[in-house]
There are 4 protein chains.
Amino acid sequence: MIRAGIIGATGYTGYELVKLLHSHPFVELLFTTSESSAGLRLNQLYPAAPALELIAADQAPFEDVDVVFLCLPHGVAAPTAVAALEAGARVIDLSADFRIADEETYTSWYKTEHPAPALLQEAVYGLTEFAREQLPGARLVANPGCYPTSVLLALQPLLQANIPAGTIIADSKSGVSGAGRAPKQHTHFVEVSGNFSPYSIGRVHRHLPEMEQGFRFWNDAPPKLIFSPHLLPVPRGILSTIYVPLAEEWSEDELRSLYSIYDDEPFVRLLPAGELATLAHVNYTNQCVIGLTLAGNTLVLTSAIDNLVKGAAGQAVQNMNVVLGIEETAGLLSGPAPEFAMQQMDVA
Amino acid sequence: MIRAGIIGATGYTGYELVKLLHSHPFVELLFTTSESSAGLRLNQLYPAAPALELIAADQAPFEDVDVVFLCLPHGVAAPTAVAALEAGARVIDLSADFRIADEETYTSWYKTEHPAPALLQEAVYGLTEFAREQLPGARLVANPGCYPTSVLLALQPLLQANIPAGTIIADSKSGVSGAGRAPKQHTHFVEVSGNFSPYSIGRVHRHLPEMEQGFRFWNDAPPKLIFSPHLLPVPRGILSTIYVPLAEEWSEDELRSLYSIYDDEPFVRLLPAGELATLAHVNYTNQCVIGLTLAGNTLVLTSAIDNLVKGAAGQAVQNMNVVLGIEETAGLLSGPAPEFAMQQMDVA
Amino acid sequence: MIRAGIIGATGYTGYELVKLLHSHPFVELLFTTSESSAGLRLNQLYPAAPALELIAADQAPFEDVDVVFLCLPHGVAAPTAVAALEAGARVIDLSADFRIADEETYTSWYKTEHPAPALLQEAVYGLTEFAREQLPGARLVANPGCYPTSVLLALQPLLQANIPAGTIIADSKSGVSGAGRAPKQHTHFVEVSGNFSPYSIGRVHRHLPEMEQGFRFWNDAPPKLIFSPHLLPVPRGILSTIYVPLAEEWSEDELRSLYSIYDDEPFVRLLPAGELATLAHVNYTNQCVIGLTLAGNTLVLTSAIDNLVKGAAGQAVQNMNVVLGIEETAGLLSGPAPEFAMQQMDVA
Amino acid sequence: MIRAGIIGATGYTGYELVKLLHSHPFVELLFTTSESSAGLRLNQLYPAAPALELIAADQAPFEDVDVVFLCLPHGVAAPTAVAALEAGARVIDLSADFRIADEETYTSWYKTEHPAPALLQEAVYGLTEFAREQLPGARLVANPGCYPTSVLLALQPLLQANIPAGTIIADSKSGVSGAGRAPKQHTHFVEVSGNFSPYSIGRVHRHLPEMEQGFRFWNDAPPKLIFSPHLLPVPRGILSTIYVPLAEEWSEDELRSLYSIYDDEPFVRLLPAGELATLAHVNYTNQCVIGLTLAGNTLVLTSAIDNLVKGAAGQAVQNMNVVLGIEETAGLLSGPAPEFAMQQMDVA
């Protein structure tokens, strides 16, 4: 059995991870921590949760576990990663601290010195489908951001083939759990219900440099990105509508054929022609589904994930599985089916 | 007093119009019709409505009113318009029948012969702010579509100044009332709640030719449009996020100055720099608010309206006011304030 | 013109009051205060609000206004009332401070000394329909709680006629705005959406003594009350389902006839036989609608109000109108119609 | 492996059953039928579903399966049950056809002759926890209604001990999936969102005789029931708030001790003193949780289930497990944890 611990188990990402690891066939969950709720049990915060004891992070026995998951704010995660690594555990970090490989870029976007720059080169950027060579045996994995997961999985086949002919636009919409569990004015039910609002649009959101870094991984002359996140009045799920300018006349079939690299992927799926991605395809699963529509010389991609699963906790478990050499789908395939459904609309 | 009638008063648009006309200081609402509910009273369908009698459309006394509003499906509206005009009434048509001035374009997009082509040239396209010369005294007004209203009001200052340097992308999101009141699988509460879904994206939605026609009104070399509508899990409101490529380096201030044409408009407002449009700005009002964000050589506009008010019934009343020469804001300014609110988010 | 001021204008109740007073034909709104947001303008908090200046409460010029509305927490409201009264203004207090006439009862339920016991006898309990004799000219009005308004208006005709034959049960459901604007864990969108939860059930909620006090006003042997509030995943509205045991065999018609006292009321309405109250009847209006269903020897009442309007700000304006001798419906009748609708269901 | 088939797999209950049986460790799902969608695959209706073929019911090979689940309207289910039984399959009927043991009661409430009265005595009423003696080997199981499951599990310990001293009131609230998947006006998103509405209150809902029948099973002088269902704006979940009059002074501890019969139950749980049942406790699980609050001589129970799981498909699987002698929790325990959470509120 793999022995695991979670630092920060009471936020939405941490709790999602508890649910996945708690029912993972090869994992024993040894500890769960919380700063604000240490001393309580998890079901005092989440009524359907198991009654796990919540301890303070500084009481966490890193030396007793094989892997530590960090569900912490950026800046706080990196020092904890150092401590866990020193105790001999592997670390899967769900914060932003090790996603940006370039220290200067990190500093300029996060307005702070990097807390552990020596680890930046070692950290593996864990977009699992494109990190299978680096992940096995890795000590430190930077779990990708939720928006970047939805955007990069959709674009990667195009970037590899050098298709984009100009600035890419990603118009993304996220459920409210992406804003965290700490109550804020803008996550109050009365403010969100019936509303819909863009925020941090253009080139200012911190996920932008992470996505453009991904572009550079697979492309020598990477396009620029315009990124517009919006807050959706739903608890969970991300849908990114992505616009890619094309230089020459491609047929939809030619473009679709580039996505055959996903044919055997358990968690990424190109939808049939004419079908568009929706939250109903993916919520409560570790799936990313991608729709592809050609409109003149613009390619429109729709890419959907559950922000808490494939966009966070699910991908973290997937990464752990690959790091430790067990079945990549373990603990993920039997996941909950979605609670709702949506017939494709025939509307004009 | 202006005597008015509504053909099709029980759909969401028709009911919104009832509410506006019922409290309009200069209007007497003489009749309200319904095909499916003739013989009932309006409050049997809408519990908070006044107990207006619903009659069949063919019982409507067109000759007794000054103006008839048509809230009918396309194809059905045009013959009714003919009958109302012949009886001497003016017509404000909220369907698509007279929005497309070119008969052939209509036929190819609506897959049917136009039912009254002789009226196409006379009909005034009632995007009120840009039709003030043609509206006074007009016999027939084509009330714009909801999506086109949100997109054209945001783009018009740029089109006039010849700013767009390539394909424009409009990523629009609409509340469910836009899909009509007749129950469908895709408007079932269980299908919509928690979901978010694109539909008819690219260059296939029927509002596309209407918007590109608007481009041509104000621009000699009009750009192409990519239009992606999405269904939002809210009852009402449209937010369009619009991406405009720029040829040369514009400052945000230069671009903002183009919007000074709206400075004295009662119903269109450019938001201060840094503020983005949300549904909370506009729902239950006849306002269109526009946010402007420059991101490199892409201009990102956010434009919000209430689809049932400025996107339909409110603009129809505004048009009636201008046609008949009364105060343009009559019956609209004292409109309900929105029921919710949203602090601008400080999220990165 | 009546000159008015609002202490605490940025909570949900305060903002609702701003909207009503701002469009009231006989009121000039002289000041709006906020402790947390003094120095800002109201539209920085509510994007659709007018740009009213927010001042600190201790800067409020009580001496310049005819009436002051207090939208403050209990305990804080009473001393402010004293100051406003001393400055010569009338006070309409939307807090709980003057609702309970008995000082000891207040102390035992609110766990604190009453801050201004000398005023308790003078304060008029402003359930408007039953306070028309005491309100004209009153200096201090205690605006009723939201739940009590929905319950007392439904029960009063029965209490006067001595109908209830045992313990009354009120099973009430309220929208989230009733929990206030300050963000809390239990008002976070993710916690509320898809959930439904009872709280403070039985005989422990602070609105219980207020309701039982109302029973005593109109009945010599008042029944006991069991009161169960629940949190509904909607922004606004209260529906109370009330169960009244009957001693003898009453016909539904006999019971309905007791409600004829409401026949001429502008804001209270008994629904026709077979129709049940819903939020769609009342939201965004100052209406209370009441459904009456006889089931054996139990009478089931359904009573709906908008918690922010008839349950708070609307009733406060109604009380002001009566206190100052102007038309009772001024500023209230032209209120917004509800945004949604509900056909009576035919479900078994 | 158990071979199973589902008649009526495309409604909300049928689809929930597909999800459970598809991942059940001991079940092979041999066929799924649909009248309206025969010829399609299930994922054409539910985008996250497996691509199961949908056949017409009259093509279903009853003779090849061990058990057939019927998710059909009442009246249609009974003849299908006859056919399946004749082919040698066991039947778990999720309709109302065999819930009411008394033919005359069925006829008077369902306004039709019973289609298969000869089977009424054989059918086992499958409230699993109270049917463990009759279920093993049963040929025909009547799966309880959703509301009755929430009410009877909460009341049974009291009924057995003869505690209720008068009319019981069940004020129940259900998510919209309980109204079925066929689109109706009253399930349109725009009608439901922001609304809350009672329906069929008093003694007229068809689940009333089913509940009173349950009362008689366990009590010689069964109390009467007043039952008030309400439509909640959530996709799923039922919360019943139940009021039981008490004859003598009971302590809460005495009453709580009666619920020790559930101590070893995997799917029924009495909450600790002071905790109330919410949808967040149970959604997406087969759990029923019960809160118990004593208020003078009224006992207030709160009982929550997921209407599609413990209230329908989950209890059906639980019944199948007991009928066929396999582990009662098979296919149910590893079920999805709920997607949301709710801290107990501290509100007065």
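1. Strand β4 (residues 67-70) of chain D and β5 (residues 90-93) run parallel, joined by four bridges. Strands pair here if DSSP finds at least two bridges between them; helices (H or I, at least four residues) and strands (E, at least two) are DSSP runs, numbered from the N terminus.

2. Please keep in mind that this is a predicted model: local features need pLDDT of at least 70, side-chain atom pairs count only at pLDDT 80 or more, and totals for chains, interfaces and linings use all residues. Residues are numbered from 1 along each chain as its sequence is written, while chains are lettered from A and ligands numbered from 1 in the order in which they are written.

3. On another side of the pairing, β1 (residues 2-7) of chain D meets β4(D) in the parallel sense over four bridges, with D:G5 opposite D:V68.

4. Which way do the residues of β4(D) point? D:V67 and D:F69 point one way and D:V68 and D:L70 the other, and all are buried (20 or more other C-beta atoms within 10 Å of a residue's own, C-beta atoms being placed from the backbone).

5. Finally, look at Phe69 in chain C. Leaving aside neighbours within four places in sequence, C:F69 is in contact with residues including C:I6, C:L17, C:I92 and C:A316 (C-beta atoms, placed from the backbone, within 7 Å).

How values were computed: Buried ≥ 20, exposed ≤ 12 C-beta atoms within 10 Å, placed from the backbone. Contact = placed C-beta atoms within 7 Å.
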